Every structure is written in C-alpha cells, then in structure tokens.
Amino acid sequence: MNLPALLLHPHQHFLKGLLRTPFPGYHFTFHSSAHLLSGIPCAQPFKSLGLHCTKWMLLSNGLRRKLCVQATLKDHMEGLSDKEQRFVDKLYTGLIQGQRACLAEAITLVESTHSRKKELAQVLLQKVLIYHREQEQLNGGKPLAFRVGLSGPPGAGKSTFIEYFGKMLTERGHRLSVLAVDPSSCTSGGSLLGDKTRMTELSRDMNAYIRPSPTRGTLGGVTRTTNEAILLCEGGGYDIILIETVGVGQSEFAVADMVDMFVLLLPPAGGDELQGIKRGIIEMADLVAITKSDGDLIVPARRIQAEYVSALKLLRKRSEAWRPKVIRISARSGEGITEMWDKMKEFRDLMLASGELTAKRRKQQKVWMWNLIQENVLEHFRTHPTVQEQIPLLERKVLSGALSPGLAADLLLKSFKSKD
C-alpha cells in the first residue's frame with residue numbers, strides 16, 4: 001500500500017488510520033522530542049523519504065496522536081545514485097547563485113510526472129527550503145519575496161501591464177520572476193504559451209525571469225506545481241514573484257491561496273454594473289485595477305471604477321489592516337502604475353506589521369499540503385489493481401443504463417475498501 005508521508009500538520013483522522021496500518025520493513029520510534037526539522041508539504045512513498053519517527057503526546061485533555069516525520073537531507077540523498085546526487089547538487093548550486101538556466105531546469109524537474117524525477121525534485125526542494133529559511137532568519141524573520149497574483153478576463157491587458165510594470169521594478173533594483181500560466185487544450189493537451197512572446201522587452205532583461213507553463217487540466221488558473229515554482233524562484237534570489245493566472249472565469253482564484261496579495265485587472269466597458277457586484281469576481285481581490293484608462297476609454301474607466309468602489313462596500317471585511325482599493329492604470333501611457341506599486345508596498349507593510357501576512361502564509365502551507373494529499377490519494381485510487389479491474393465493467397453498465405453514476409461510484413469505493 002503506497003500511502004503518502006506528510007511533512008506538515010497531518011490530519012487527525014488520517015493519522016488514526018495510518019497508525020493502524022501495518023508497514024513491513026519500517027522502523028518506528030516513539031519519543032517526546034519537542035521539535036523536528038520541518039519540510040515542505042510533500043506526498044511521497046515512505047521509502048523515498050526515510051521515515052524516522054512518530055511522536056505521541058499525552059495532554060491533559062486526553063491522548064493526542066501526532067505524526068512527525070524527520071526527513072533529513074542525508075536520508076534523502078542516501079537513496080540517490082552518484083550521478084543523481086551530482087545532478088541535484090549542480091541544480092541547487094546554480095539556483096542559489098542566481099543562474100537562470102538552473103532555475104529553468106529545476107522548475108522543469110518539479111513539473112515532471114515521472115516517479116523517479118519526482119523524488120529528485122523533492123530532494124532539491126528540501127535543500128532549497130532549508131536555504132530559504134536560513135536566509136529568512138538572516139533577514140530578521142521577514143519574507144524574502146513579495147508574492148503577487150494577477151488575474152483578469154482575456155483582453156484585460158495582463159501581459160502588457162506586466163511588461164511595463166516589470167521593467168519599472170527592474171530599473172529600481174528589484175529581481176522579478178513571472179510565472180505565466182496558460183490554459184491547455186482539452187483536445188490536444190497543448191498550450192500556446194504566448195505570454196513570454198508578448199513580453200519582448202522584459203524577457204531580455206537579465207533581472208527578470210519569465211516562465212510560461214501549461215495548466216495540463218489543473219483547475220484554478222494555476223498549474224499543479226506553481227507552489228514549488230514559487231519556492232524555487234525565491235531560492236534563486238528573486239524578490240518579487242508575479243503569478244499571472246489563466247483568468248477565464250470566476251473560479252480562477254486558486255492563486256489566492258499561494259500569494260501575499262491578489263490583484264484583479266479589469267478592462268473598462270467590460271459589462272454592465274452588475275458585473276461589479278458578483279461576489280465570486282471581487283471578494284478575493286486585495287486591489288482592483290481598471291486597465292486601459294487612456295484616450296476614449298478614460299470616461300468608461302472612471303465609471304467602472306466608481307461601480308467597483310460601491311461593490312466593494314457590500315463585501316465583508318477580510319482584513320483588519322487593509323481595505324481593498326480600486327485604481328485606474330494605463331500600461332500605454334504609464335498613468336497610475338507608480339501609484340499602484342505604492343499601494344502594493346503599503347499593503348505588504350501593513351499586513352507584515354499586523355502579523356496577518358505571516359498567518360496567511362502558514363494557512364497557505366496547510367492548503368498546499370492538502371492539495372498534494374488529494375492529488376496523491378486520487379492517483380493511488382486510480383492505479384489500484386482492483387479499481388482498474390472494475391472500472392471498465394462499471395462504465396459499460398453506466399452507459400447501458402443498468403447503473404446510475406452515483407451507484408457505480410459507491411460500488412467501486414466499497415470494492416476498493418474491501419481489497420485495500
């Protein structure tokens with residue numbers, strides 16, 4: 001049985017089942033040490049991680065079980081060949097030295113679906129995470145990078161804005177990383193990946209790195225490995241991370257669980273005023289920017305701005321330190337871009353001072369972990385021999401009308417539980 005080993009905040013019910021499950025060949029030591037090395041959210045087989053211990057704690061309110069996994073770097077590296085160790089070391093050294101080629105290769109590695117490359121990626125990510133936390137401690141415990149998510153409907157001018165905004169930031173001494181996510185074709189599985197092509201000036205800037213990635217069917221406007229890519233970019237020394245999402249609808253807000261600030265870009269004259277009060281569109285936004293506010297579109301942009309200001313008043317306040325703002329910008333004339341960056345810095349400073357930014361990042365780590373759990377549990381279910389054996393038969397019965405889809409799913413789950 002190939003169950004995942006979880007490195008952060010395991011769920012109580014999951015642990016109860018896990019601790020009742022026999023694992024031949026694994027050694028468990030029970031002790032009461034107060035602290036173990038924490039790692040990135042991970043879902044890999046126990047053998048690839050090197051399970052060290054479970055920790056039992058007896059509290060006044062009863063027995064509480066807590067699983068602690070200390071996956072030290074030494075144990076990670078022991079399962080690798082000399083060639084694999086040299087490869088990981090080369091990527092890690094080049095990454096922390098700021099080499100863009102090593103960063104690109106590292107992101108390609110974490111995006112791979114090959115099982116062995118996944119294990120190599122986890123070793124690399126663990127090394128980068130340790131380095132990243134050391135650098136944060138040297139920085140007084142403050143985050144090294146500012147993570148910003150950008151979303152908006154097609155034609156809102158996201159790529160044009162990033163080009164102008166990015167050049168302004170690099171001229172001010174910042175190092176910028178842009179993770180541009182493109183939707184994949186449901187037919188061919190391919191993706192245009194045209195965002196980098198449209199950012200011609202920024203893509204030539206040595207202080208900027210643009211990485212287009214296909215969604216490969218992942219919902220939420222981001223890829224399966226966007227969190228890992230963010231960590232690698234920060235390890236590479238980039239202090240501002242922009243995640244440009246697919247931005248095709250109201251459900252494209254998974255990026256809000258990965259970033260410090262969520263910015264919504266909207267074009268003027270993009271619909272009637274009812275578009276402005278749809279909660280799904282604006283409730284996650286920390287800043288709303290009305291783009292293309294120049295020429296003949298200045299008047300419509302002002303009207304849309306007023307409508308969104310009114311719409312935001314209808315929403316419940318999500319932060320004690322910050323109230324979402326609505327501004328107008330133009331990437332063609334540059335109007336409002338500097339003021340927008342000032343608002344973003346104000347948001348970062350206020351959230352950091354209030355402690356909300358730290359709490360938000362901790363919550364995001366938990367979301368990241370559970371996303372990996374869901375992905376790996378589903379993969380384990382799909383590849384289970386019993387499931388693979390039963391699916392064709394159940395599909396035929398559903399297509400013939402002999403079984404409803406819901407009943408077929410229940411039968412499949414019962415069959416899986418009885419065999420597993």
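User: In this predicted model, what makes a residue a contact of Leu 103, and which residues does Leu 103 touch?

Analyst: Contact means heavy atoms within 4.5 Å. By that rule, and leaving aside residues up to four places away in sequence, Leu 103 touches Leu 95, Tyr 209, Leu 232, Cys 233 and Tyr 238.

User: Which residues touch the most other members of the largest nonpolar core?

Analyst: They are Leu 103, Leu 124, Leu 232 and Ile 241, in a core of 45 residues. Among the elements that each supply at least two residues of this core are helix 5 (100-111), helix 10 (226-235) and strand 9 (240-244). Helix 6 gives the most, with seven residues. Domain 1 (65-139) and domain 2 (143-353) each contribute at least three residues. Apart from this core lies another, of 31 residues, including Met 261, Met 340, Trp 341 and Leu 357.

User: Why is the pair of Phe 165 and Trp 341 called edge-to-face?

Analyst: Two values decide the matter. The ring centres of Phe 165 and Trp 341 are 5.9 Å apart, and the angle between the planes is 70°. Rings pair if their centres lie within 6.5 Å, and planes over 60 degrees apart count as edge-to-face; therefore the term applies to Phe 165 and Trp 341.

User: Where in the chain do the two partners lie?

Analyst: Phe 165 belongs to helix 7 (residues 158-171) and Trp 341 to helix 13 (residues 337-354), so the pair links distant parts of the chain, 176 residues apart. Phe 161, Phe 165 and Trp 341 form one aromatic cluster.

User: How do you know whether Phe 165 and Trp 341 are buried or exposed?

Analyst: The relative accessibility is 0% for Phe 165 and 2% for Trp 341. Buried means under 20%, so Phe 165 and Trp 341 both count as buried.

User: Why is the pair of Tyr 209 and Tyr 238 called tilted?

Analyst: The centres of Tyr 209 and Tyr 238 are 6.3 Å apart, with 40° between the planes. Tyr 209 is in strand 8 (residues 208-214), whereas Tyr 238 is in the loop between helix 10 and strand 9. Tyr 209, at 6% relative accessibility, counts as buried, and Tyr 238, at 2%, is buried as well.

User: What makes the charged end of Arg 175 count as sitting over the ring of Tyr 238?

Analyst: The distance to the ring centre is 4.2 Å. The rule asks for CZ of Arg within 6 Å of the centre and within 35 degrees of the ring normal, and the charged end of Arg 175 is accordingly placed over the ring of Tyr 238. Likewise, the charged end of Lys 325 sits over the ring of Trp 322, 3.8 Å from its centre.

Methods: Residues numbered from 1 in each chain as written. Predicted model: local features only at pLDDT ≥ 70, side-chain atom pairs only at ≥ 80, totals over all residues. Heavy atoms only, no water. Core = buried A, V, L, I, M, F, W, Y, C linked by side-chain atoms within 4.5 Å. Buried < 20%, exposed > 50% of the residue type's maximum accessible area, 1.4 Å probe, protein only. Helix = DSSP H or I, 4+ residues; strand = E, 2+ residues; numbered from the N terminus. Domains from an automatic or database assignment. Phe/Tyr/Trp six-rings, centres within 6.5 Å; stacked < 30°, edge-to-face > 60°.
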